[in-house]
Protein chains: 2
Amino acid sequence: MSEMRIRPRQVLILIIVFLVVLLMVHRNCKSTCVTGPEYLQAMYVMQQNEELPKIYAITPTYARPQQKAELTRLSQIFMLVPNLHWIIVEDSNNSTQLVRNLLEKSGLTQRSSMLHIKTPAAFKLQNKDPNWIKPRGVEQRNLALNWLRTNVDPDKHSIVYFMDDDNAYSVELFVEMSKTKAGRVSIWPVGLVGGLMVEKPILNTDQTQVIGFNSAWRPERPFPIDMAAFAISIDLLFKFPQAVFSYEVQRGYQETEILRHLTTRQQLQPLANQCRDVLVWHTRTEKTKLTAEEALNKQGKRSDDGLEV
Amino acid sequence: MSEMRIRPRQVLILIIVFLVVLLMVHRNCKSTCVTGPEYLQAMYVMQQNEELPKIYAITPTYARPQQKAELTRLSQIFMLVPNLHWIIVEDSNNSTQLVRNLLEKSGLTQRSSMLHIKTPAAFKLQNKDPNWIKPRGVEQRNLALNWLRTNVDPDKHSIVYFMDDDNAYSVELFVEMSKTKAGRVSIWPVGLVGGLMVEKPILNTDQTQVIGFNSAWRPERPFPIDMAAFAISIDLLFKFPQAVFSYEVQRGYQETEILRHLTTRQQLQPLANQCRDVLVWHTRTEKTKLTAEEALNKQGKRSDDGLEV
């Protein structure tokens with residue numbers, strides 16, 4: 001091979017050019033990232049190092065005027081949190097185009113599973129029933145549990161969370177939830193629930209163990225907490241296949257019904273700054289008044305003709 | 001300077017090493033980005049090329065049990081959308097620690113402004129008043145308009161949007177809103193408002209001009225639309241300094257009150273797929289029932305002692 005004379009200075013210039021290009025690419029990249037908080041940035045690094053367990057969020061949902069609004073708000077959490085997989089379980093005989101469109105538009109098709117199962121008519125809320133008269137989402141959550149027990153690798157640590165479609169969630173909740181240890185159920189406070197500003201576990205003096213709860217409503221329940229208050233390490237679902245939800249239990253006992261198989265109070269893993277941070281709120285969205293719409297419908301018209309609301 | 005003999009092969013190796021490093025940096029970057037939809041990715045590229053106008057979102061807010069939950073949901077939109085600047089205007093005599101903490105924790109301090117002004121007692125809703133009896137946010141929105149007219153560069157194109165703290169927003173709304181042209185007010189449909197599934201502008205046959213609205217409630221209003229239905233190019237605020245909100249107008253006329261100075265119906269710029277996509281919903285969050293909390297308070301206790309809910 002022929003030899004050319006190349007000056008070291010030329011090599012130096014070459015190196016500088018490359019460094020500049022490197023810097024530009026790097027800067028370019030930065031600007032395409034979320035402008036979010038540090039705890040999220042740290043999460044992306046962990047995700048890339050495969051140090052983050054996957055979180056399966058189970059969302060039972062049903063058709064109603066505000067459904068798309070609610071699911072849209074949730075989808076934005078999924079855009080931000082890298083290790084979330086969304087299991088949407090519709091209360092219907094078929095998967096709907098509304099949910100499919102939403103997942104596609106949000107770029108979440110690969111990170112979600114669409115399931116559906118119709119609640120038996122006997123257990124379905126009637127239009128004027130108060131919403132606590134019959135347990136909701138039993139069928140749907142059980143289908144999702146069954147899906148997890150069939151489709152997820154039992155040997156790979158991952159986490160299961162029940163994520164209702166009208167609560168308000170901070171993305172930081174999912175950072176905390178990612179710390180759920182294998183073989184454990186983790187727990188944290190929930191705001192605006194049970195007639196209180198916050199329902200929370202009470203910890204022992206060294207803040208490591210749950211010794212009680214501050215709940216005011218039915219405090220005699222073994223687990224007097226909301227569905228949004230805990231997450232489950234997936235190995236427990238395989239170890240205790242009998243852990244499911246049930247129509248046969250009293251009002252307010254669904255959480256206890258599943259948790260009694262999986263954990264004791266003492267084994268609960270307190271998260272969210274030793275249960276001092278509130279990162280989820282049991283908000284509820286008002287039923288929309290559609291008086292004018294009903295008047296339109298009587299004339300055979302509708303305001304959302306050709307639109308998806 | 002001394003000359004060394006360097007073989008072209010060595011230079012080639014150097015180039016390859018650099019290319020590998022470049023690739024690694026680039027890959028690394030990708031994984032720290034949002035896993036969101038394509039329209040967001042496209043936005044980040046535009047932001048970096050300085051092709052995106054800034055959007056000033058004005059959010060009047062007031063202390064109530066569900067305030068932090070609502071603002072937390074909104075903050076997640078700001079984490080995703082790169083060109084949003086958040087003007088939070090509290091209805092209070094001082095900025096609160098709650099809002100300050102929220103902005104800090106969300107990494108939004110640099111991309112937000114905290115303002116505050118107390119609504120005069122005569123105009124404040126009483127606890128049992130229905131929420132439409134007095135106009136809300138007049139004082140707060142006017143303060144924000146004043147701030148914009150004082151602090152923003154009139155010669156740089158930017159956009160103003162009134163973003164209530166309990167509506168539901170798709171991030172895609174902000175992609176659309178970014179298309180608002182200088183000198184124009186842009187407009188799109190709003191879901192779940194005015195007794196209808198969707199209130200929307202009616203366009204002419206070539207879908208370029210607004211010729212009417214489908215509103216059922218007070219359709220005689222010059223602009224029978226919700227506050228969430230439009231965005232304003234900032235130059236209009238400087239051109240028409242008299243455009244503000246007012247306590248002196250009838251219920252439902254706040255939108256008309258400001259828009260009548262800025263635009264005609266014909267000048268409105270239809271966005272959101274020629275007003276066929278619904279990207280914002282006028283959801284309302286239920287007042288939280290705090291019966292157990294009130295009982296606690298009578299004993300001088302509270303569930304959120306030492307916690308921020």
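This is a short tour of a predicted model, stop by stop.

**Stop 1: the whole complex**

Start with everything on screen. The predictor gives the complex an ipTM of 0.88 and a pTM of 0.88.

Now select chain A. Its C-alpha atoms fill a box of roughly 90 × 65 × 35 Å, taken along the principal axes. Show the cartoon: chain A has ten helices and 13 strands. Of the 309 residues in chain A, 54% are buried. Next come the contacts in chain A with a separation of 6 or more: residues 24 or more positions apart account for 76% of them.

Colour chain A by confidence. The mean pLDDT is 91, and 91% of the residues of chain A reach 70 or more. Then pick out residues 28-32 of chain A, where the pLDDT is below 50. This stretch has nine contacts in the model beyond near neighbours in sequence.

**Stop 2: helix 3 against helix 3**

Select residues 67-80 in both chains. This is helix 3 of chain A and helix 3 of chain B. At what angle do the axes of these two helices cross? They cross at roughly 45°, and the axes come within 10 Å. That angle makes helix 3 of chain A oblique to helix 3 of chain B. The crossing of helix 3 of chain A past helix 3 of chain B is left-handed.

From chain A, show A:R73, A:Q76, A:I77, A:M79 and A:L80. They meet B:R73, B:Q76, B:I77, B:M79 and B:L80 in helix 3 of chain B. By type, the residues of this contact are six nonpolar, two polar and two charged.

**Stop 3: helix 3 and helix 4 within chain A**

Look at the hand of the crossing: helix 3 of chain A passes helix 4 of chain A in a right-handed crossing.

Which residues meet here? Helix 3 of chain A brings A:Q67, A:K68, A:L71, A:T72 and A:S75. Helix 4 of chain A brings A:L98, A:V99 and A:L102. The contact divides into four nonpolar residues, three polar and one charged.

**Stop 4: B:Q66**

Move to chain B and select B:Q66. This residue is in the loop between strand 1 (54-61) and helix 3 of chain B. Is B:Q66 buried or exposed? B:Q66 counts as buried, at 6% relative accessibility. Show what B:Q66 touches, leaving out residues up to four places away in sequence. From chain A there is A:L192. From chain B there are B:T285, B:E286, B:K287 and B:T288.

**Stop 5: B:G137**

Select B:G137, in the loop between strand 3 (112-116) and helix 5 (138-151) of chain B. B:G137 is buried, with a relative accessible area of 15%.

**Stop 6: B:R276**

Go to the loop between helix 9 (272-275) and strand 13 (280-281) of chain B, and select B:R276. B:R276 is partly exposed, with a relative accessible area of 38%. Not counting residues up to four places away in sequence, B:R276 touches A:L307 and B:Q207. B:R276 and B:P201 are 75 residues apart in sequence, and 9.4 Å apart in space, C-alpha to C-alpha.

**Stop 7**

Some background for the last stop: most residues other than glycine have a negative phi.

Select A:Q207. Its phi is near 60°, a positive value in a residue other than glycine. A:Q207 sits in the loop between strand 9 (201-203) and strand 10 (210-213) of chain A. A:Q207 is partly exposed, with a relative accessible area of 27%.

Finish with B:R218, in the loop between strand 10 (210-213) and strand 11 (230-233) of chain B. Phi of B:R218 is near 45°, a positive value in a residue other than glycine. At 25% relative accessibility, B:R218 counts as partly exposed.

How values were computed: Residues are numbered from 1 along each chain as its sequence is written. Chains are lettered from A and ligands numbered from 1 in the order in which they are written. This is a predicted model: local features need pLDDT of at least 70, side-chain atom pairs count only at pLDDT 80 or more; totals for chains, interfaces and linings use all residues. Side-chain values use heavy atoms; hydrogens and water are left out. Axes are lines fitted to C-alpha atoms, for helices over the stretch in contact, and angles run from 0 to 180 degrees between N-to-C directions. Helices (H or I, at least four residues) and strands (E, at least two) are DSSP runs, numbered from the N terminus. Angles under 35 degrees count as roughly parallel, over 145 as roughly antiparallel, 65 to 115 as roughly perpendicular and the rest as oblique. A crossing is left-handed if the near helix is turned anticlockwise from the far one by less than a right angle, and right-handed if clockwise. Contact means heavy atoms within 4.5 Å. Ala, Val, Leu, Ile, Met, Phe, Trp, Tyr, Cys and Pro count as nonpolar, Asp, Glu, Lys and Arg as charged, and the others, Gly among them, as polar. pLDDT is the predictor's confidence in each residue, from 0 to 100. Buried means under 20% relative accessible area, exposed over 50%, partly exposed in between (1.4 Å probe, protein chains only).
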